[in-house]
Amino acid sequence: MMIRFAVVPLLLALNFSMCKQHETVSQNSQPSSTSSPTPAAPVAATTPKITKPVVDQTAQAIIFCYHLLVDKVRYPGTEITPAAFEAQMKELKDHGITVISMQDLLAWKRGEKNIPPRCAVITFDDGYKAQYEVAWPILKKYGYPFTMFIYTEGVRGGSLGGGGAITWEQLADMRDNGVDIEAHSATHQDMREGHTITLVGPGGKKTRTKLIGPQYEQWVHNEVVGCKELLEQRLGIKVNCFAVPFGNYNDHVKELARNSGYEAMFTVYGQPITFTSAMDSLGRYAIEANKPKVFEDAVKMIGASTSGGAPVAEIGAKDLATQPADGETVRTALPLIKANLSGIGQIEPGSVQMRVSGLGVVPASYDPKTATVSYQVTQKLRDKSCSVFVSAKSGGKKVEAHWTFGIEEGAAGPPAAGTPAPKK
């Protein structure tokens, strides 16, 4: 018994001693005026330094834009068959083009991660239930990620959501399975001030009108910001991408989108996306039944652009003083197209080339004295929008710029002298 009573105080003494040692170590680990600075030095020296990975800035991507998959095509401007769509998905795999997610593409653009040298992004616009029922199973088969650009009033139950529209429940199912869901406006209309739009009133009554001033600002705010907020609230997601309806927009719409928290804006005027491509005008190849060569040309372009040649430096359209200006709408289908290349540097005259959507390479002329390349369109442009691509060599390096302008509906050639231009 005496041995037992003797052991207990000994154990208590040992425990007290260990606690004091622990307390002393803890105190020494905190900065104080009395403690020695020596123990703190290794902590500062071993603090990991956070750095961004070095990404491959010569990689390029192509973005495809699809709408509706139907067995029998009635509107070839927005539809293709499921069989044609699946064949294209297989072709990407056969050509060794990796399909990546939109968010991976944006992370690469931010310099945060690498992407494969040859890759593609798949997007769907509007929000049809066939995208859920038909397109999604095909994409699952190939293991391809994709993005849905949704205009919110077109979802089932909205003022424009008919029987063929996707539902909020279906969107939630896609979200839960990793599908990226982004914004495509509220009512899918031309968002530039003064353009005719359709307003849906009580009872579904539709009114055609033009909005200006405060009324326009309220309306366009809902188109750009309201749709983003609704998608985020209904689906509990973060929306950072905005696909512009019809590709028609201007600097005011761009600024509104930028200030609303969108990281990237997308059009339907396809070109390879480079590391330096402007984030407010990323072009997508719109795939339509009446333009079967668009997909093939896009695949060939990404193949050619990554074949080991020198990297291409992309120049912003704002640095070129273009005519028509980027985002402008003209009233003629036979415009004069010009760009001043003086801001690029010393140009090799024979290297200047201009490509126009719908026409291909055109016989543009280049004036070395003014550094201006120009082309008078002689074949009527038939689409609502036109993209122009200008490339040249400067200092042994290829440089390229592109911009997009709109063409007013019903526009013809230049009016004859003395004849007023027809009104819309």
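This note comments on aromatic rings and on one helix in a predicted model.

1. Aromatic pairs. Rings of Phe, Tyr and Trp count as a pair when their centres lie within 6.5 Å, and by this rule the structure holds 13 aromatic pairs. One of them joins Phe149 and Phe266: the ring centres are 5.6 Å apart and the planes meet at 50°, so the pair is tilted. Phe149 belongs to strand S6 (residues 147-150) and Phe266 to strand S11 (residues 264-266), so that the pair links parts of the chain 117 residues apart.

2. Burial of this pair. Phe149 has a relative accessible area of 0% and is buried. Phe266 is likewise buried, with a relative accessible area of 0%.

3. Aromatic cluster. Phe64, Tyr66, Phe85, Phe124, Phe146, Tyr285 and Phe295 together make up one aromatic cluster.

4. Charges over rings. Lys140 lies over the face of Trp136, 3.8 Å from the ring centre. At Phe389, the charged end of Arg355 sits over the ring, at 4.7 Å from its centre.

5. The two sides of helix H8. Within H8 (residues 251-259), the buried residues are Val253, Lys254, Leu256 and Ala257. Viewed down the helix axis, the buried residues of H8 fall within an arc of 165°, so they line one face. Helix H7 (213-235) and strand S11 are among the elements that cover these buried residues. The exposed residues Asp251 and Asn259 are carried on the face of H8 turned away from the buried side.

6. The ends of H8. Just after the helix, Gly261 adopts a positive phi of about 100°.

Definitions and conventions:
Residues numbered from 1 in each chain as written. Predicted model: local features only at pLDDT ≥ 70, side-chain atom pairs only at ≥ 80, totals over all residues. Heavy atoms only, no water. Phe/Tyr/Trp six-rings, centres within 6.5 Å; stacked < 30°, edge-to-face > 60°. Helix = DSSP H or I, 4+ residues; strand = E, 2+ residues; numbered from the N terminus. Buried < 20%, exposed > 50% of the residue type's maximum accessible area, 1.4 Å probe, protein only. Lys NZ or Arg CZ within 6 Å of the ring centre and 35° of its normal. Arc of directions from axis to C-beta. Contact = heavy atoms within 4.5 Å.
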